[in-house]
Structure formats: structure tokens, C-alpha cells
Amino acid sequence: MFDNLVLQEIIIFTHLVVTVCMFAVIWFVQISHYPLLEYVPKDYFKEYERAHIYRVSFIVAPLMLLEVFAASCLIFFSFDGILFYLVWIGFFLVIVNWLSTLFFQMPCHRKLEIGKDDLAITTLIRTNWIRTISWSLRAVIAIFIVILIK
């Protein structure tokens, strides 16, 4: 489907960049941001959480949308051998990230918008390891795809 080599290179490079960016964001969130929720005072938590969701959305939403687009495009490239498997594993991990976001992280954030909830914070941190591991694997895969193509 993608016979244009320049377009292929742009998509592969975009895939690498957005995946590595999400890898960096998710590790920051997992190690620093989410654990610090514990220290936000209860009286200010609702406002803090709403501001957090609003601001983070401007960073994460475009990256996740670009990533799913780029990962989807890679499926249509004529890869064989290990590249074929890396592309499909990477795409599966994108689905894992989206499902984890929809079914674990978003419900926790909805609870936290109502007010500080220690169980929701703990659940958020624990379930976010799914995305942290998945994006870490995706970053490795995206790097290997670039290495193997060159």
C-alpha cells in the first residue's frame, strides 16, 4: 500500500518520536507525578485534579493519537520476518495502552475529580504499571524497527 519511500520514512520516524515521547511521559508520571498526588491537600484536590487532566490532555492526547495512527500505518507496510512481528506486537501494545487508559486510569481520574480518594490514587499508580511497561516495550520495538530498516 505504501510505495512511497519518503512517506514510509516519515511515518517510521513519527512512530519512533511519538513512542519515545510517550515512554518519557509515562515514566515521569509513574515515578514522580502520580505518587505526589498523596501530598496534595484534600481541600485543594478537586481543583488540582481538574487542572491536571486539562493540562496533561494537551500533551498526551496528540501523542497518543499520532502514535495509534503511525502504528496503524506500519501494519500496511510490506514488512516480513522479524519486522512483521515487531510491527504487530507494537500495534497490540498500543491497544493495551488505550484499553488500560479507558478501563483503569480514566475511571480513577473520574473518582479523583470528585475529591481525594486514597484507594483511587493507589489503584491509579498500580494499574499505570501496565502502560509503563507497555510503552517501555513499545519504545524498544520502535528503536529496533528503525535499526532493522536501515
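In what order do the elements of the protein chain run from the N terminus on? They run α-α-α-α, and the secondary structure comes to four helices and zero strands. Helices here are DSSP runs of H or I with at least four residues, strands are E runs of at least two, and both are numbered from the N terminus. This is a predicted model, in which local features need pLDDT of at least 70 and side-chain atom pairs count only at pLDDT 80 or more, while totals for chains, interfaces and linings use all residues. Residues are numbered from 1 along each chain as its sequence is written, and side-chain values use heavy atoms, with hydrogens and water left out.

The C-alpha trace of the protein chain spans about 55 × 25 × 20 Å along its principal axes. Of the 150 residues, 41% are buried (under 20% relative accessible area with a 1.4 Å probe, protein chains only; exposed means over 50%, partly exposed in between).

Arg-131 sits in helix α4, which covers residues 118–149. Leaving aside residues up to four places away in sequence, Arg-131 touches Ile-26, Tyr-34, Asn-97, Ser-100, Thr-101 and Gln-105. Is Arg-131 buried or exposed? Arg-131 is buried, yet has no salt bridge (a side-chain nitrogen of Lys or Arg within 4 Å of a carboxyl oxygen of Asp or Glu). The nearest side chain of opposite charge, Glu-67, is 9.7 Å away; Lys and Arg count as positive and Asp and Glu as negative, with His and the chain ends not counted.

Notes. Contact = heavy atoms within 4.5 Å.
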